[in-house]
Amino acid sequence: MTEIGFVGLGNMGLPMAANLVKSGYKVTGFDTVPAALDKAKAAGIAIAATSAEAASGRDIVITMLPNGKIVLSVFEEIVPACAPGTVIVDSSTIDVASARAAHDMAGKAGLLSVDAPVSGGVGGAEAGTLTFMIGGSEAALEKARPALEVMGGRLVHCGEGGAGQAAKMCNNMLLGISMIGACEAFALADKLGLSQKALFDVVSTSSGSCWSVNTYCPVPDVGPKSPADNDYRPGFAAALMLKDLNLSQQAAAEAGAATPMGRHATEIYNAFVEAGEGGTDFSGIIRFLDKARDM
Ligand code: NAD
């Protein structure tokens, strides 16, 4: 029976690990927060005393952690504990440089590894419908695939180590930009006396159509249900969007890529979060446009 170690049992990690248990895997988990361990135990996850213990003797080890620095410190602990041939799957959203360093550590110890950040949020984690963006070798992906398929509806192999993180941040930079653009269009329509329903009916079937309008419209009572219909409760919190935008700007600086719209979207989301709105859905930026007027 395939044994899985799982480090980082927070909002995303816990439901992902719980789905693995439900589909018959033996999962051993670790988190630094005792309350997370209590919930994990209730979901049928065996509890380890350290991340090294969670990783030791497992076929697959999954990490779902807040940032690159923490991922690398956890890799320092788990890599020596894993037997050769183990595949480590890092599903955290982190910077490309840290992802490549993590692959390096695993490779030097004879381990397989993939960076496999996700989109789909907590709802997708609970439903087992996440999209995984994967960087790493074919062999590493094939070993991890059955477990990834339990947690996600779609796997996209993006390339070698770090390519999953690169895809995630390019996607989310575009999403941040397009959401602000959608909000500006609806706010302008309103000032011009055009009904928001009429604008939705036009844009959603015209050249301005995009996910931020068609699926996740930032105004209430228009289009499919979205956080706008729930007073902008997340959804996808603005603080997480800002995290991803900052990662995109770090990557752009390192790679020498020009991303003026990405930079501007980062500045606007930064101001939104600094105004105390980090816990608001990222589409709630529509209520902040007047304050961003001169940015
Ligand atoms: P979270 O803060 O709820 O969970 C992270 C967990 O890691 C926490 O339980 C924390 O205690 C644990 N942790 C921290 N340091 C640790 C260590 N050294 N050893 C063991 N455990 C440790 O965050 P989350 O929302 O579950 O997000 C996890 C990752 O997924 C992040 O990188 C985030 O950017 C990404 N992500 C989140 C969402 C979302 O909607 N929440 C969507 C896509 C991607």
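Student: Which elements supply at least two residues each of the lining of the largest cavity?

Tutor: On a 1 Å grid over the protein atoms alone, a cavity is a set of points where a 1.4 Å probe fits but cannot get out, and lining residues have an atom within 4 Å of a point. Helices (H or I, at least four residues) and strands (E, at least two) are DSSP runs, numbered from the N terminus. Here α5 (96-108) and β6 (112-115) each supply at least two residues of that lining. The model is predicted, with pLDDT of at least 70 needed for local features and 80 or more for side-chain atom pairs, while totals for chains, interfaces and linings use all residues. Residues are numbered from 1 along each chain as its sequence is written, and side-chain values use heavy atoms, with hydrogens and water left out.

Student: What volume does the largest cavity have, and which residues line it?

Tutor: A volume is the space filled by probe spheres set on the grid points, which are joined across faces, edges and corners. For the largest cavity this is about 40 Å³. Its lining consists of Phe75, Asp90, Ala99, Ala102, His103, Ser113, Val114 and Asp115.

Student: How is the largest pocket to be read, and which element gives the most to its lining?

Tutor: A pocket is an open set of points with protein on both sides within 12 Å along at least five of seven lines. The largest pocket has a volume of about 1300 Å³. Its lining comprises 43 residues, and Met12, Gly121, Lys168, Phe236 and Leu240 lie nearest its centre. The element α8 gives the most, with 6 residues.

Student: Where does the ligand sit, and which residues come nearest to the ligand?

Tutor: A molecule sits in a pocket if more than half of its atoms lie within 2 Å of the pocket's grid points. The ligand sits in the largest pocket. A residue is near a molecule if one of its heavy atoms lies within 4 Å of it. Of the 23 residues around the ligand, Asn11, Met12, Asp31, Leu65 and Lys243 come nearest.
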